[in-house]
Amino acid sequence: MIRIMSAFILAMLSAFACAAGQPLQLADGAPDRYIVVPGDTLWGISGTFLKEPWRWPEIWRMNREQIRNPHLIYPGEVIILDRDAQGNPMLRRESGRLGPQVYSEMIDQAIPAIPPNVIRPFLSDPLIVEAHALDSAARIIATQVDRVYIGNGDLAYVVNADPAHLNWQVYRNGQPLRDPESGEVLGYEAFYLGTARQVERGNPATFEMITTTQEVGKGDRLVPAVSPPLIAYVPHKPDFPVEGRVISVYGGVDVAGRGSIIAINRGASDGIEIGHVLALERNRVVSERDEQDDKLVVSIPPQRVALLFVFRIFDRISYGLVVKSEGTVEINDFVRTP
């Protein structure tokens with residue numbers, strides 16, 4: 001049995017070594033040229049040319065700096081599938097855009113990495129509040145007379161509000177996000193309630209509710225509204241081993257599928273970047289009997305259930321979009337380098 005297990009481990013290590021230098025595999029039916037159209041995404045075009053879309057930087061021959069600051073791609077441009085001197089596939093832009101000049105001048109919106117309508121709310125809402133960060137946060141201490149809960153257009157009275165900020169976001173403490181390995185609380189998933197505007201400074205200050213997704217009441221917290229910077233990013237795999245876990249499916253459900261937003265227990269402090277593509281896997285074991293008929297539990301290769309595109313990172317937590325699913329994603333599934 002020891003010899004069998006040793007042979008299995010050696011075979012797995014050999015497979016991983018081969019995969020590290022594996023040549024690019026073109027998608028079935030990859031075209032020789034592709035015209036970018038409105039509605040395209042980098043991820044979608046990646047899948048048009050590659051079986052492994054996270055290897056997009058390789059087929060474009062991008063270096064590290066180009067991954068961080070890519071050249072934007074616009075509708076109307078033509079992408080050519082070419083070969084280098086060794087016969088390896090590569091992509092390049094055809095000089096100029098397709099169509100009359102007046103057409104190209106009207107196109108001024110670069111295509112995004114992934115569908116922006118799916119992730120836009122998650123770029124601006126305060127998803128994660130670090131542990132103990134709420135101790136000094138602005139807090140609603142009273143509402144309009146005769147109102148227990150308030151909505152759009154109603155007034156609230158808030159203490160500890162910075163008078164320098166006009167626009168705020170309202171939220172309520174959500175569930176703690178715990179590291180499944182250590183049990184440590186990594187942060188709290190904020191429950192977004194809406195937006196408010198400071199209309200009269202003071203302590204307490206007077207706030208008007210501008211938009212609300214749910215009723216707002218005493219004890220709810222406010223943070224200044226900050227528009228996150230728009231970051232250009234391309235799909236790429238980490239250049240180091242990642243070993244993490246799924247800790248939350250956004251929306252309070254237990255399983256996720258294609259198009260779902262999930263949180264993982266790895267973030268900026270672990271080297272995770274916006275644009276990283278990660279494999280979501282489920283570890284598997286089987287029960288067997290050895291020659292003495294004793295029960296034996298054997299680990300078999302993990303099963304990949306989906307791919308994750310990271311679009312927002314915090315210090316120890318990251319959020320990503322499930323872009324490809326071969327099954328359901330569950331809390332505690334593993335996150336690894338593809």
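Ser 248 has its place in strand β15, where helices (H or I, at least four residues) and strands (E, at least two) are DSSP runs numbered from the N terminus. The structure is a predicted model, in which local features need pLDDT of at least 70, side-chain atom pairs count only at pLDDT 80 or more, and totals for chains, interfaces and linings use all residues. Residues are numbered from 1 along each chain as its sequence is written, and side-chain values use heavy atoms, with hydrogens and water left out.

Is Ser 248 buried or exposed? Ser 248 counts as buried, because its relative accessibility is 1%; buried means under 20% relative accessible area, exposed means over 50%, and partly exposed lies in between (1.4 Å probe, protein chains only). The side chain of Ser 248 makes a polar contact with the side chain of Glu 189, at 3.3 Å. A polar contact is a pair of N or O atoms within 3.5 Å; within protein, one must be able to donate a hydrogen and the other to accept it, and residues adjacent in sequence count only if both atoms are side-chain atoms. Leaving aside residues up to four places away in sequence, Ser 248 touches Gln 175, Leu 177, Glu 189, Ile 262, Ala 263 and Ile 331, where contact means heavy atoms within 4.5 Å.

The next topic is the sheets. Strands of a sheet pair through backbone hydrogen bonds, either parallel or antiparallel. Here two strands pair if DSSP finds at least two bridges between them. Three bridges join β9 to strand β10 (residues 185–189) in the antiparallel sense, and Val 185 in β10 is the bridge partner of Arg 178.

A closed barrel is also present. Its six strands run β5-β7-β12-β11-β8-β14, with antiparallel pairing. From one strand to the next the twist averages 45°, where axes are lines fitted to C-alpha atoms, for helices over the stretch in contact, and angles run from 0 to 180 degrees between N-to-C directions. Strand β5 (residues 138–143) and strand β14 (residues 221–224) run antiparallel and are joined by two bridges. Within this pairing, Leu 222 in β14 is the bridge partner of Ala 138.

In soluble globular proteins, nonpolar side chains tend to be buried together. A nonpolar core is a set of buried Ala, Val, Leu, Ile, Met, Phe, Trp, Tyr and Cys residues joined through side-chain atoms within 4.5 Å. The largest such core has 41 residues, and those with the most contacts inside it are Trp 56, Ile 114, Phe 311 and Tyr 319. Elements giving two or more residues to this core include α3, α6 (116–124), β19 (295–313) and β20 (318–325), while α2 gives the most, with four residues. A second, separate core of 16 residues includes Ala 256, Ile 264, Leu 278 and Leu 280.

Helix α2 also contains Trp 43, which counts as buried at 12% relative accessibility. Among the residues that Trp 43 touches, not counting those up to four places away in sequence, are Trp 54, Ile 114, Phe 309 and Val 323. Trp 43 and Val 323 are 280 residues apart along the chain, yet their C-alpha atoms are separated by 8.6 Å.

Side chains of opposite charge can pair when their charged atoms come close. A salt bridge is a side-chain nitrogen of Lys or Arg within 4 Å of a carboxyl oxygen of Asp or Glu. How many salt bridges does a search of the whole structure find? The search finds 16.

Arg 336 takes part in a salt bridge with Glu 243 (3.0 Å, N to O). This pair links distant parts of the chain, with Arg 336 in strand β22 (residues 334–336) and Glu 243 in strand β15 (residues 243–249), 93 residues apart. Arg 336 also meets Glu 281 in a salt bridge (2.9 Å, N to O). Glu 281 lies in strand β18 (residues 277–289), 55 residues from Arg 336. Arg 336 is buried at 14% relative accessibility, Glu 281 is buried at 11%, and Glu 243 is partly exposed at 39%.

In another salt bridge, the closest N and O atoms of Asp 28 and Lys 51 are 3.9 Å apart. Asp 28 is exposed, at 69% relative accessibility, whereas Lys 51 is partly exposed, at 42%. Finally, Glu 52, Arg 55 and Glu 58 are linked in a network of salt bridges.
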